[in-house]
Amino acid sequence: MRKRSNWSIPYFIFLVFFVVLPLVLVAFYAFRDREGSFTLDNIAKFFSDKDTLSTFAVSLEVAIENTLLCILIGYPAAWILANKKYNRSAVTIILFILPMWINALMRTLATAQLFTTLGMNLGKGTLLFGMVYDYLPFMIYPIYNILSRMDNSYAEAASDLGATPWKVFWKVTVPLSMPGVMSGVLMVFMPTVSTFAISEFLTNNKIKLFGTIIQENINNSMWNYGAALALVMLVIIGITSLFGGDKEEAEGALI
């Protein structure tokens with residue numbers, strides 16, 4: 001145990017049993033029928049099932065809207081937190097983290113009860129409110145981390161060259177913060193598509209998302225089709241992750 005590499009053994013074991021093995025099982029069941037024979041019917045069914053495709057389209061629509069709302073609200077909040085001109089404190093930052101200390105299911109139930117008490121009809125509006133409420137911190141903090149560590153010499157140089165504060169923001173600050181924005185988009189968009197509890201409680205199951213379809217198939221012992229849908233979601237997550245940029249790409253956008 002004197003070797004530092006030995007300390008990675010527990011993490012390696014954890015990854016094998018709780019990350020790699022579940023993914024292997026998902027892929028295994030996705031390409032098997034009820035008799036255990038290899039088949040592509042489960043994947044083909046996803047592309048031919050109109051109800052599943054319709055639910056998937058609704059999930060993408062809700063995810064895009066939720067992500068855009070989180071960017072519109074989260075970016076200004078992150079910019080204010082990172083801007084030294086404002087009297088920000090650790091208490092202010094903690095206020096954004098505080099809701100995350102409560103279980104997401106409890107927050108969703110409380111939000112649904114609030115709408116019920118106010119006599120509001122549960123639907124897409126309440127769903128988006130709950131989505132933004134739950135996922136907004138995941139948009140704020142990646143952007144905040146980038147902005148707080150940003151080299152101010154870029155903005156100062158642009159100002160010295162005669163750029164207005166608004167132009168400095170759009171030509172310097174925004175491009176340099178894109179890695180944080182992309183990270184926030186990934187952390188908001190994909191969980192929104194695959195969630196099911198929030199849509200169930202905040203719409204009384206009127207609006208089904210892709211995660212709900214997966215849950216229903218698993219609960220109905222349709223493991224193979226449920227695994228195929230989960231595999232499709234994993235592939236989408238992988239493809240989406242390829243669009244993530246790095247700091248060098250953001251700095252290149254300034255040229």
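Buried here means under 20% relative accessible area. The model is a predicted one.

**Entry: aromatic pairs**

I looked up ring pairs and got a count of 16 aromatic pairs. I started with Tyr75 and Phe169, whose ring centres are 5.9 Å apart. Their planes stand at 85 degrees, and planes over 60 count as edge-to-face, so that is what I called this pair. Tyr75 belongs to helix H3 (residues 50-82) and Phe169 to helix H8 (residues 165-176), so I noted a link between distant parts of the chain, 94 residues apart. I checked accessibility too: Tyr75 and Phe169 are both buried.

Next I went to Trp166 and Trp170, another edge-to-face aromatic pair. I have 5.8 Å from centre to centre and 70 degrees between the planes. How many residues apart are Trp166 and Trp170 in helix H8? They are four apart, which means a separation of about one helical turn. Are these two tryptophans exposed or partly exposed? Trp166 is exposed because its relative accessible area is 60%, while Trp170, at 45%, counts as partly exposed.

I then found that both pairs belong to one aromatic cluster, made up of Tyr75, Trp79, Trp166, Phe169 and Trp170.

**Entry: charges over rings**

I checked lysine and arginine ends against the rings. The charged end of Lys45 sits over the Tyr225 ring, 4.3 Å from the ring centre. I also logged Arg107, whose charged end sits over the ring of Tyr133 at 6.0 Å from its centre.

**Entry: largest pocket**

I moved on to pockets. The largest has a volume of about 720 Å³. I listed 23 lining residues, and the closest to the pocket centre are Trp79, Asn83, Lys85, Asn152 and Ala155. Trp79 was already in my notes as a member of the aromatic cluster. Which elements give two or more residues to this lining? They are H3, helix H6 (124-148), helix H7 (153-160) and H8. H8 gives the most, with six residues. Sorted by class, the lining of the largest pocket has 12 nonpolar, six polar and five charged residues.

**Entry: second largest pocket**

The second largest pocket comes out at about 260 Å³. I counted 15 residues in its lining, with Val26, Ile214, Gly226, Ala227 and Ala230 the closest to the centre. Helix H1 (9-30), H11 and helix H12 (223-241) are the elements that give two or more residues here. H12 gives the most to this lining, six residues. By class I have 12 nonpolar residues, three polar ones and no charged ones.

**Entry: positive phi**

Last, I looked up backbone angles. Asn204 has a positive phi, near 55 degrees, and Asn205 has one near 65 degrees. Where does Asn204 lie? I placed Asn204 in the loop between helix H10 (197-203) and helix H11 (210-219). Asn205 is in the loop between H10 and H11 as well. For accessibility, Asn204 counts as exposed because it reaches 53%, and the cut-off for exposed is over 50%. Asn205 has a relative accessible area of 35%, so I put it down as partly exposed.

Conventions
Residues numbered from 1 in each chain as written. Predicted model: local features only at pLDDT ≥ 70, side-chain atom pairs only at ≥ 80, totals over all residues. Heavy atoms only, no water. Buried < 20%, exposed > 50% of the residue type's maximum accessible area, 1.4 Å probe, protein only. Phe/Tyr/Trp six-rings, centres within 6.5 Å; stacked < 30°, edge-to-face > 60°. Lys NZ or Arg CZ within 6 Å of the ring centre and 35° of its normal. 1 Å grid on protein atoms, 1.4 Å probe; cavity = no way out; pocket = protein on both sides within 12 Å on 5 of 7 lines; lining within 4 Å. Points joined across faces, edges and corners; volume = space filled by probe spheres on them. Nonpolar A, V, L, I, M, F, W, Y, C, P; charged D, E, K, R; others polar.
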